[in-house]
Every structure is written in structure tokens, then in C-alpha cells.
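Here's a friendly walk through one structure, in questions and answers. Have a look at it first.

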Amino acid sequence: MKTPRIRGYHWQYDGWNIAPELLGDSVELLLFCKRLMALLHMTPLGRASVHVVDGHSTQWGAGVTILLPITDSHIAVQTLPQAGQVFVDVFSCKPLERAQLRQDVQAFFMGRGKDRLIKRG
């Protein structure tokens, strides 16, 4: 059986100890997604989908969800302000610079975090 060819790179970041004010600011978070897209030399496929969730509709409390479709796949951000947590997800057909992504994401959120890169095939 042949090993499948790598078809994509899936980078994930779980962050914590982040200021709740930042995690609830949908405008700043959208700007962050657009800066990340530019850093990765990616092009948007359309408008980002931004959802501000109130604390009554989910067991996790309030938060912001952003999905930015790009020509190479997507950038997604999910925040949990009350818990001080963020989850960032980048999927790309192009190889990703893991260290650069981690550095830029940590510089923006100013918290702690861990990341992983999965080669999809």
C-alpha cells in the first residue's frame, strides 16, 4: 500500500491566560485573522464569517467565532473570554512555517499556549 501524498498542513494553537477583553473584541480578532492571512501570503475567498455568541446559548459562555475562507483553505478562531482561552486553526495546501505562526499568535494574544502541525494526506 502506497503512503498518501501530503495534501495539506493543519496548524492548531490552544492558548490560555489571555485577557478576556481581547478575546471578546470581534473587531480586533478579525484584524488579527487578516494579518495572519497576509503573513502567510494567502488570499481571501470572500468575507469572513464573524459570530459573537452570548453566554446564554452555549455551555462555555460568551465568545467569538471567526471563519476566514482563503484560497488555500481556511483560518478559524474560537474564543472563550470567561476562561481566557483561544483556539486558532489554519489549514493550507501550502507548507506552513510553524515557528513563525506560533511567534505571531503568541505576540498578539500575550498569553501562554501550545501548538501542533499535522501533515494531512
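Strands here are DSSP runs of E with at least two residues, and helices are runs of H or I with at least four residues, both numbered from the N terminus. Keep in mind that this is a predicted model, where local features need pLDDT of at least 70, side-chain atom pairs count only at pLDDT 80 or more, and totals for chains, interfaces and linings use all residues. Residues are numbered from 1 along each chain as its sequence is written, and side-chain values use heavy atoms, with hydrogens and water left out.

Q: Which strand is Ser 73 found in?
A: Ser 73 isn't a glycine, yet its phi is positive, at about 150°. It belongs to the strand covering residues 73–80, and that's β4.

Q: Which residue stands opposite Ser 73?
A: Strands count as paired if DSSP finds at least two bridges between them. β3 (residues 63–70) and β4 run antiparallel with six bridges, and a hairpin through two residues joins them. Opposite Ser 73 in β4 is Ile 70.

Q: What is the bridge partner of Leu 80 in β5?
A: β4 also runs antiparallel to β5 (residues 85–92), with eight bridges between them. For Leu 80, the partner in β5 is Gln 85.

Q: Is Met 110 buried or exposed?
A: Met 110 lies in the loop between α3 (98–109) and β6 (112–120). Buried means under 20% relative accessible area, exposed over 50%, and partly exposed in between (1.4 Å probe, protein chains only). Met 110 has 65% relative accessibility, so it counts as exposed.
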